[in-house]
Amino acid sequence: MSPLDHKLLRDLWRIKGQAIAIGAVIAVGVMMLVMMTGLTASLTQTRDAYYERYRPADVFASVSRAPERLGSRLAAIPGVASVQTRVEGRALIDLPGQVLPVQAQAMSLPDRGRPALNDVYLTNGRMPAAGRPDEILLLQSFAAAHDLRPGDSLRATMNGARRSFDIVGLAQSPEFLYITAPGELIPDDARFGVIWMSRAGLSAAYDMSGAFNEALIGLSRGASEPAVMAAIDRVLTPYGGTGAYPLAHQTSNRFVSEEIAGLEAAATGVPPIFLMVAAFLLYIVISRIVQAERGQIGLMKAFGYTNTEVGAHYFKLVMAIAVGGALAGCLAGIATGRAMVGLYTTYYKFPFLVFQLDPASFVIGVAVSILSASVGGLLVLRQVFALTPADAMRTPSPPDFSRTGRMGRAIGSVLDQPSRMVMRRITRQPVRMAGAMIGIASGMALSVSMITIYAGFDQTIDLTFSVVDRSDVTVSFTHPVSDKTLFELARLPGVQRVEPVRNAAVVLRNGVNSYRGALTGLPENPTLNRALDDRMQPIALPQGGVVLSRVLADMLDIQPGDTLGVDVREGRQPLLDLPVSGIAESLLGAPAYMGLDALNAALREPGRVSGAYLMIDEAQGGAIYAALQDMPTVAGVSLKSQARDAFVTLMNTGAGAIRYVMGALAFVITFGIVYNAARIALAERARDLASLRVIGFSKGETAFVLLGELAVVTLVALPVGALMGYYMSFGIAAGFSTDLYQIPAIFDPVSYGQATLVVLTAAVVSGWLVKRDLDRTDLIQALKTRE
């Protein structure tokens, strides 16, 4: 081993605290990159493999009732490779011990053989036998939530008739990767189930013998999807077709695809923020380490080492820290990714989900770390290389402090000697102090933005379930019914208030932008479920226009006063042109509101409702739920309390849980920055501080001279970091927001207070660690350093 390599090992051991702190900052940035890109690759590859094996349809087309012979006409459409018709319907499952009926979707399977499209993955048991209409497959996750297994029985209400079934198998399906009840956005395994049974049995239950109400279409390679969908609509529209739509708009696939897109966006935007902070810190630290080594560099050159050899020596030092941190980040990213992938299986029902590594993330993470370290080192080394050995070994010329003399005299008149030392160093080296201040401010900004995101999640929950939705129960009907049904609900004992709602399936269009969703009709001044403006004040719904949520208005690129095209996909399916009369703030979903009477008039179906919001006396909830279960027009009953609990669980244990990982990393980076600032100050001033001890300063006074500088820089960094964090919060909030929910970036004084506490705690701990080392300093050895 060469002498320079021996020196390298000694230097690394000497600065091991700083090296570990810098390496940790690099590691967390690389870890985020590896984890997020790995999760993106895992979800993408698993979804694609699942789809390839179980063949979800390329196009879905629902219809009220179409004769089976139309299947051959659909198959004859150019570009159609395969067609499968089926029957589907809504059901209510009656479980022992459950006071609330559970919503379910019933799907038909071919009487013989496996489905050509939308096949099921049998996880347990067997397929229903031919000629046994009472045998069913049950969704695996629903069965697990209620401890049901093959051999058990199940009672369900289908089309108003209560029936008993035998569970013969448990299954999953690619069309139910993300499972929510109709009209809801939050998955809950216990509150929604899927039943598969024979085509003959389900057709008999829903009076669909010889007919179908949904067609699944597989496309041939190179087929034009819009052209095929247009042809399908021409065939099915006379039979109540609601419009064909592609797999991209299928609910489950849309949520999975948006999750993957969100992860890709976060992997692109969030890790660079951490890596930029790490790169800046690395530059500051390396430049000051190399400057402190000026004398040793001159000594090495005096012994005959060339600039290249000396440069290679320090480059190895830099690379040891950078590569070590990057490799640690890669390993931590793998471990964190494996842990996070388990969270995704909770809400996305893949048969398997194995964490996949993306080699590009390793290359990018390590390359960025090395590049940032190299730039920081080379910028400083080139100044030292320009010196001759004699100049390098000589103490640098004192800087010109003439411009700070006036300030120094002003300060000196009011401060004691140690305080004057602190202020003189700060005022005479403003660039160096500014670098340390910006580093600490960056840590403050990361902490502020992450804690603000925590508050944003809480606000999303509070606004959605306390301010917007003030009902207790939501009832949905099997089809739009007369508003006189509301009187039946109001007469139930314990029901305190009833408000109607009409949800109509629509495609909203503005130019080339479109969105497949629903138009929600509400009373003019609702109280149980409201549209709110940006000041959280209720919006009176106009009778001649539509109010869009902000996220929906952004997707459609439309403003109040513009005209919105509305393609209604139910009933008479009118084409409407409605003015946008307002923008509502909604943090859950992308709703569009309209006055109930105006919506019914546009649909030419006056006095119709598709559901109702109820405020009830919870003490009489059991009797109310039992009465609702016996009403043949009731398709589903959901409790707001259960929806809220499911949403909180989703954000705390699902994809939203990644915010806790990022928050922890932000705190690690903050501590690393502050600790490094303190360690660098100690390394630079070790001889000066030892001199103070020798001439009679106490340990406390000496520590005050060192740590006073850190305290002033930290206090100045707090407001700067708070301002930086305010703007950084918007970028990180956008990274966490999805089409399912929006996370607002808000100014929350509590978040800023907590972030300030984090930085101050890091400063106190770092100061204590540095003071401990200062007290242990060998004064003689420190004073001999120059020699």
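Reader: Why are α13 and α14 called roughly perpendicular to each other?

Author: A word first on what is shown, which is a predicted model. Helix α13 (residues 417-428) and helix α14 (residues 430-468) pack at an angle of about 95 degrees, and their axes are 5 Å apart. Angles of 65 to 115 degrees count as roughly perpendicular, and therefore α13 and α14 are given that description. On the α13 side the contact is made by Arg-425, Ile-426, Thr-427 and Arg-428, while α14 contributes Pro-430, Arg-432 and Met-433.

Reader: Why are both an angle and a distance quoted for such a pair?

Author: Two packed helices are described by the angle between their axes together with the distance between those axes.

Reader: What makes Thr-460 a buried residue?

Author: Thr-460, which lies in helix α14, has a relative accessible area of 0%. Buried means under 20%, so Thr-460 is counted as buried. When its neighbours within four places in sequence are left aside, Thr-460 is in contact with Leu-587, Phe-647, Gln-742, Ile-743 and Pro-744.

Reader: Why does Tyr-727 count as exposed?

Author: Tyr-727, a residue of helix α21 (residues 699-736), has a relative accessibility of 57%. The word exposed is used over 50%, so Tyr-727 qualifies.

Reader: What makes the pair of Arg-509 and Asp-567 a salt bridge?

Author: The closest N and O atoms of Arg-509 and Asp-567 are 3.4 Å apart. A salt bridge requires a side-chain nitrogen of Lys or Arg within 4 Å of a carboxyl oxygen of Asp or Glu, and the Arg-509 and Asp-567 pair forms one. Arg-509 lies in strand β13 (residues 495-510) and Asp-567 in strand β16 (residues 563-568), so the pair ties together parts that are 58 residues apart in sequence. Arg-509 is partly exposed, at a relative accessible area of 36%, whereas Asp-567 is buried at 14%.

Reader: Which residues do salt bridges with shared partners join into one network?

Author: That network consists of Arg-126, Arg-132, Asp-134 and Glu-135. Within it, the side chains of Glu-135 and Arg-132 meet at 3.5 Å, N to O. Glu-135 is buried, with a relative accessible area of 4%, while Arg-132 counts as partly exposed at 36%. Elsewhere, Arg-191 forms a salt bridge with Asp-188, their closest N and O atoms being 3.9 Å apart, and Arg-191 is buried at 14%. By the same rule, the count comes to 23 salt bridges.

Reader: Why is Asp-358 called partly exposed?

Author: Asp-358 has a relative accessibility of 24%. Asp-358 lies in the loop between α9 (307-347) and α10 (359-385), and its C-alpha atom is separated by 9.8 Å from that of Leu-33, although the two residues are 325 apart along the chain.

Reader: What is the phi of Arg-55?

Author: Phi of Arg-55 is near 50 degrees, a positive value in a residue other than glycine. Most residues other than glycine have a negative phi. Arg-55 is found in the loop between α2 (16-54) and β1 (59-67), and counts as partly exposed at 32% relative accessibility. Asp-207 also has a positive phi, near 50 degrees, and is placed in the loop between α5 (199-205) and β10 (211-219). At 53% relative accessibility, Asp-207 counts as exposed.

How values were computed:
Residues are numbered from 1 along each chain as its sequence is written. This is a predicted model: local features need pLDDT of at least 70, side-chain atom pairs count only at pLDDT 80 or more; totals for chains, interfaces and linings use all residues. Side-chain values use heavy atoms; hydrogens and water are left out. Helices (H or I, at least four residues) and strands (E, at least two) are DSSP runs, numbered from the N terminus. Buried means under 20% relative accessible area, exposed over 50%, partly exposed in between (1.4 Å probe, protein chains only). Axes are lines fitted to C-alpha atoms, for helices over the stretch in contact, and angles run from 0 to 180 degrees between N-to-C directions. Angles under 35 degrees count as roughly parallel, over 145 as roughly antiparallel, 65 to 115 as roughly perpendicular and the rest as oblique. Contact means heavy atoms within 4.5 Å.
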